[in-house]
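Have the 3D view open as you read.

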Amino acid sequence: MGLKSTLHNLKEKYKGTKMAPAFNAIHTFLYLPNETTHNGTHIKVADDLKRTMNIVIMAMIPCLIFGMFNAGYQHFAALGTPVEFLSWDAFYIGLIKVLPLVIVSYGVGLAIEFLFAVIKKHEVEEGYLVTGMLVPLIVPIDTPLWMLAVAVAFGVVIGKEVFGGTGMNILNPALTIRAFLFFAYPTWMSGDKVWVHGAVERDQMIAAGEKLDAISGETILGSLAQGKEAGYELMDMFYGFIPGSVGETSTLLILLGGLFLIFTKIGSWRIMLSSVIGALTMGLIFNGLVNADIISEGSKFYGLMSTTYWHHLLIGGFAFGTVFMATDPVTASQTNKGKWIYGFLIGFLSIMIRVFNPAYPEGVMLAILLMNVFAPTIDHYVVQGNVKKRMKRFKVKNA
Amino acid sequence: MSNDIKIKKGLDIKLIGEAEKATENAIISNFCTLRPEDFHGVIPKLLVKVGAKVKAGEPVFYDKSNEAIKFVSPVSGEILEILRGEKRKILAVKLQADKEQTYQDNGKFDVNSSNADKIKAHLLASGCWPFVKQRPYDVIANPNKSPKAIFISGYASAPLAADLDYTLKGKEAELQAAINALGKLTDGQVHVSVSKNGNSPFSGLSGLTLHTVSGPHPSGNVGTLINKIDPVNKGEVVWTVNAQDLVIIGDLLLTGKFNAERIVALAGSSIKKPRYFKTKIGSEIATMVYDNGVEKDGNNRIISGNVLTGKQVKPDGCLDYYSNVITVIPEGDDYELFGWNKPIFNKISLSRALTFSWLTPNKKFDLNTNTNGEHRAFVLTGNYEEVFPLDIFPLQILKACMYNDLDEMEALGMYEVAPEDFALTEFVCVSKQPHQEIIRKGLDVMIKEIG
């Protein structure tokens with residue numbers, strides 16, 4: 001008996017039992033199920049949700065691998081013993097720091113998904129496959145694993161399952177997890193230490209009385225928000241050789257991922273494009289204010305306001321958020337017109353929050369979460385346009 | 001008003017097994033089956049008992065909610081069996097056909113000297129009324145209402161559909177008679193769509209407004225035509241008739257006989273010699289299918305209708321009341337190793353998610369009935385709009401149907417749609433949601449609550 005028939009017999013055996021969703025979830029990863037159509041269309045397109053989610057994960061893999069190299073590279077650079085970027089030393093640090101984040105993210109998240117599937121007797125839906133990959137990419141490298149586990153549990157249960165699971169949630173689960181980390185452990189999550197592996201540890205050693213130099217792990221946004229120089233070459237920012245959350249630093253790879261998503265028609269080009277336009281617009285407005293001398297050099301907003309408008313696309317998590325999180329179809333606007341407005345406002349607000357919130361200058365997280373909340377409202381007005389047209393037609397006829 | 005309708009949104013599903021343009025007479029079916037479920041919403045009241053003899057065109061049952069609507073026997077013969085399901089619901093009326101067919105004579109009918117009421121009464125009594133359907137709700141038309149217009153699609157764009165230019169050839173007289181009659185039933189016009197590139201028998205007829213349509217499926221759907229010409233508003237009614245049924249109506253008016261003969265395409269990748277057959281409504285499918293290369297114990301799906309909207313039938317099943325195509329495709333009840341992530345070349349996809357049908361836009365595919373994935377919540381957005389040409393928000397109206405919000409359903413355009421309009425969105429649905437069923441249930445709720 002081959003594997004196929006063995007698994008088929010097991011599936012039949014588990015049918016109707018509590019184990020069925022859990023077994024099927026694993027089974028369907030190996031084999032496309034033998035389900036056939038009944039009513040309605042007798043044929044179906046090749047795509048399913050697993051394939052779709054898989055494409056998004058594929059688009060993120062380069063960012064993950066780059067993030068591993070960069071983690072080690074930044075670590076050694078900060079220690080004062082720089083190594084080659086593409087070196088085993090750099091990758092090793094990244095591997096032992098990033099892989100546990102991935103494992104905890106998937107482990108905790110999928111365990112909760114399976115649990116809910118078994119309790120609520122539905123199939124395990126694929127939504128978490130993408131969330132589980134997003135989470136390790138958007139947290140700082142030195143996030144303690146227990147914090148991550150707590151945050152993932154919170155994000156999946158409160159952010160998603162209470163609304164009814166995949167497809168029903170209002171907020172992007174990955175960002176809910178990130179926001180939980182930020183607001184629950186602010187002293188840990190903000191500031192200039194957590195972004196480079198070793199910086200926190202070194203601080204503790206100094207505090208214990210050892211005579212060592214402190215490591216600065218400041219991100220570019222952090223520096224700019226405090227009115228300092230960015231301290232990095234523009235091309236370094238584009239390639240991603242800068243400190244930041246694990247997978248969000250390389251604008252180049254994110255751009256490639258975004259193009260891949262657009263090419264495969266999985267990601268919404270409308271949201272990505274309009275978000276970039278929104279960010280550039282806000283950047284230009286701020287640049288304009290600086291040029292018109294409304295904001296003087298002494299202002300605490302000067303640093304970020306005077307940043308050349310298009311540099312905003314390269315720093316911080318803007319690119320990553322725009323490509324991989326603003327485009328989450330469940331929490332984004334669902335109408336094509338709505339997507340333009342939704343994306344534009346995300347870009348616009350991201351840059352605004354950056355400038356006006358120096359305590360935590362990464363605006364894209366809050367901008368997306370805010371627009372997640374407003375997405376149904378945007379859609380409502382777009383759909384109302386169609387409804388009004390219908391009403392008007394009705395009135396003309398009956399006038 | 002433009003007479004040229006060009007559709008951009010849509011999808012032509014190209015499948016192997018298109019019917020060759022050659023017509024055979026099907027083996028005369030010994031049995032004929034009428035299935036009340038073909039007539040959505042009709043509760044049948046039988047007029048005959050088992051063992052009774054009927055002529056072709058003699059009423060077999062009528063609609064409980066409107067006794068005037070009669071359903072007649074397509075053949076002459078003896079009532080063999082009345083199949084009942086739960087609560088004695090009538091599932092099928094099975095007849096044994098006579099060797100020599102006899103017809104009930106309804107007499108020749110002069111359309112020109114008759115008014116609307118007379119025409120209606122004649123169609124109702126002779127059993128031709130069920131061919132007239134209405135929107136809203138996509139059910140048999142209520143004869144007490146007057147439609148603002150009548151819509152007929154003379155162009156079938158569905159995958160492997162019967163080519164109407166071919167099957168209606170030579171039937172101009174019948175079509176003209178039917179259109180003359182229908183034209184008197186409405187204050188508005190009779191709109192007929194034909195293919196831009198075709199040579200339609202409709203193009204020479206009078207008493208109708210001709211529209212040429214082009215573009216991908218669903219350009220030939222009557223729902224698309226209505227939406228582009230004159231969408232249904234609240235309180236309004238439009239009627240639709242299938243082009244092939246006009247022939248039966250026309251025949252009745254000209255000769256007085258209910259002649260249930262119809263040219264049917266036998267198509268699909270499981271058929272060795274796909275071609276056209278002359279047969280009758282309710283005939284056994286087996287009479288056509290097995291002589292044409294379909295293996296008797298093969299693992300095939302036989303569909304009365306096209307692959308998007310047809311009904312699954314058993315080999316001993318029958319051609320349903322409204323279909324002019326029988327499609328046979330392979331069943332897909334097998335597992336596929338890593339089917340969810342490996343590159344796919346042999347299935348159709350709208351995306352490019354390691355699916356490569358976009359490389360071969362003219363390739364004909366051999367699709368089976370596998371769902372290619374499991375049922376999920378609605379997740380993706382924007383892909384229905386790509387194949388949905390109506391001025392309606394498809395995802396939003398589906399969701400409104402799912403949570404039964406009548407006000408929202410009405411506001412979003414539920415009066416304008418039929419389940420078949422959502423066949424393509426169902427086909428492309430990544431979450432494998434049953435769109436047509438959702439819309440049908442939504443329409444049924446509206447009939448019940450609003451009427």
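A:Leu32 stands opposite B:Glu336, a residue of strand β21(B). Keep in mind as you look that this is a predicted model. The strand pairing here joins the two chains: β1 of chain A, residues 31-32, runs antiparallel to β21(B), and two bridges link them.

Now widen the view to the whole contact between the chains. Chain A brings 50 residues to it and chain B brings 61. On the chain B side, the elements that give two or more residues are the strands β18 (300-304) and β21 (336-337), together with the helices α7 (394-402), α8 (406-412), α9 (423-428) and α10 (435-449). Of these, α9(B) gives the most, with four residues.

Next, turn to chain A and find helix α5, residues 127-138. This helix has twelve residues and reaches 17 Å from its first C-alpha to its last, close to the 16 Å expected at 1.5 Å a residue. A residue counts as buried here when 20 or more other C-beta atoms lie within 10 Å of its own. Among the buried residues of α5(A) are A:Gly127, A:Tyr128, A:Met133, A:Pro136 and A:Ile138.

What do these buried residues pack against? Their partners in chain A are the helices α3 (49-79), α4 (88-120), α6 (145-159), α7 (173-184) and α15 (318-325).

Technical notes
Residues are numbered from 1 along each chain as its sequence is written. Chains are lettered from A and ligands numbered from 1 in the order in which they are written. This is a predicted model: local features need pLDDT of at least 70, side-chain atom pairs count only at pLDDT 80 or more; totals for chains, interfaces and linings use all residues. The expected span of a helix is 1.5 Å times one less than its number of residues. A residue is buried if 20 or more other C-beta atoms lie within 10 Å of its own, exposed if 12 or fewer, and partly exposed in between; C-beta atoms are placed from the backbone. Two residues are in contact if their C-beta atoms, placed from the backbone, lie within 7 Å. Two strands pair if DSSP finds at least two bridges between them.
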